[in-house]
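Me: I would like to go through this structure with you and ask, term by term, what stands behind each label. Please set each value against its definition before you conclude.

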Amino acid sequence: MIQFVKRNLLIFFRDKASVFFSLLSVFIIIGLYFLFLGDLLVKGLEGNGLTGVRYLMDSWIMAGLLSVTPITTVLGALGIMIGDKEYKLFKDFSASPIKRSKLTCGYIISAAVISFIITLFSLVLAEIYIIYNGGELLSLNELWKVLALIILQILSSGFTLFLVVSFMKTASAFGALSTVLGTLIGFLTGIYIPIGNLPVSVQNVIKVFPPAHIGMLLRKIMMERAESITFAGVPKEFIDQFHFELGVTFKIGDTVISPVLSILYLLIVTIIFFLLAVWRLSKKDR
């Protein structure tokens, strides 16, 4: 299985197109923020007489970016499985002495490793970008929390996407899924448009979308120090409203969703899709 994982890693990183399209959503987010979204958000807050706004908003967009990268990269890595199916290589593997369960684990593990490597690279670039614009590095404690959330996002999205992709047999179907997900992911995590600017019905959809909770938790961690600078002496009511508008805090009705509740929700979703993936694995016609 280790050799199979190594084989998948080599196939993915040798294919520059796969790497590029896995990061396409990331490039789109950075491009939109750099071209106009960043200045729009910064000027809006600076108009209220606040300082350190660039550091705050850079942290906000980079937290959102890190919540999206694990999803798109896991999906890109699972494309190897589709290629093996389309070119009948999976049948050759199934006829070999290696167990079907080990083959499947090999696909999932390689997708997780690929996603972690690329997301870690994205985290380094995000920190460089923040520092370049006058921000600060994450502390060691903050870094461990961010990495833990990234791993949770990889596991959650990995089992979910494996279940979906396992029903596909052609590259065209997989390409359609990648296009749809790449288009919607920025909206469903509240990056392209701040959650508070969306209709209530759309906000409710976002609040039940598991990756959006990772985005929310990452924002809490990465924006904390910037907020202590920008919101020094600012009334709590203004800060709370800011959090709700930009998805730093979720509220359902009058109930504020705590970080513990979000993590519990994510763990439950991960376990459910893990069990569904195991069930799917047991089906011989997959």
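Me: What makes the largest nonpolar core a core, and which residues have the most contacts inside it?

Reply: A nonpolar core is a set of buried Ala, Val, Leu, Ile, Met, Phe, Trp, Tyr and Cys residues joined through side-chain atoms within 4.5 Å, where buried means under 20% relative accessible area, exposed over 50% and partly exposed in between, with a 1.4 Å probe and protein chains only. The largest such set has 79 residues, and those with the most contacts inside it are L56, M57, W60, V146, V165, M222 and F242. Helix α4 gives the most to this core, with 19 residues. Helices here are DSSP runs of H or I of at least four residues and strands are runs of E of at least two, numbered from the N terminus. This is a predicted model, in which local features need pLDDT of at least 70 and side-chain atom pairs count only at pLDDT 80 or more, while totals for chains, interfaces and linings use all residues. Residues are numbered from 1 along each chain as its sequence is written, and side-chain values use heavy atoms, with hydrogens and water left out.

Me: Which residues does M222 touch, beyond those up to four places away in sequence?

Reply: With contact taken as heavy atoms within 4.5 Å, M222 touches S59, M62, A63, L66, E127, I130, L138 and V146.

Me: Why is F4 called buried?

Reply: F4, which is found in helix α1 (residues 2-14), has a relative accessible area of 8%, and therefore counts as buried. Not counting residues up to four places away in sequence, F4 touches F93, L103, G106 and Y107.

Me: Why are S156 and G247 called buried?

Reply: S156 has a relative accessible area of 5%, so S156 is buried; this residue lies in helix α7 (residues 140-165) and, leaving aside neighbours within four places in sequence, is in contact with V269 and T270. G247 has a relative accessible area of 0%, so G247 is buried too, although G247 is found in the loop between α11 (236-245) and β1 (251-252).

Me: How do you know that the span of α6 agrees with its number of residues?

Reply: The expected span of a helix is 1.5 Å times one less than its number of residues. The 33 residues of α6 should therefore span 48 Å, and the end C-alpha atoms are 48 Å apart, which agrees. Just after α6, G134 takes a positive phi of about 95°.

Me: How much space lies in the largest pocket?

Reply: The largest pocket holds about 660 Å³ of space. Of the 30 residues that line this pocket, the closest to its centre are F21, S22, G76, F174 and S178. The largest share of the lining, 9 residues, comes from α4.

Definitions and conventions:
1 Å grid on protein atoms, 1.4 Å probe; cavity = no way out; pocket = protein on both sides within 12 Å on 5 of 7 lines; lining within 4 Å. Points joined across faces, edges and corners; volume = space filled by probe spheres on them.
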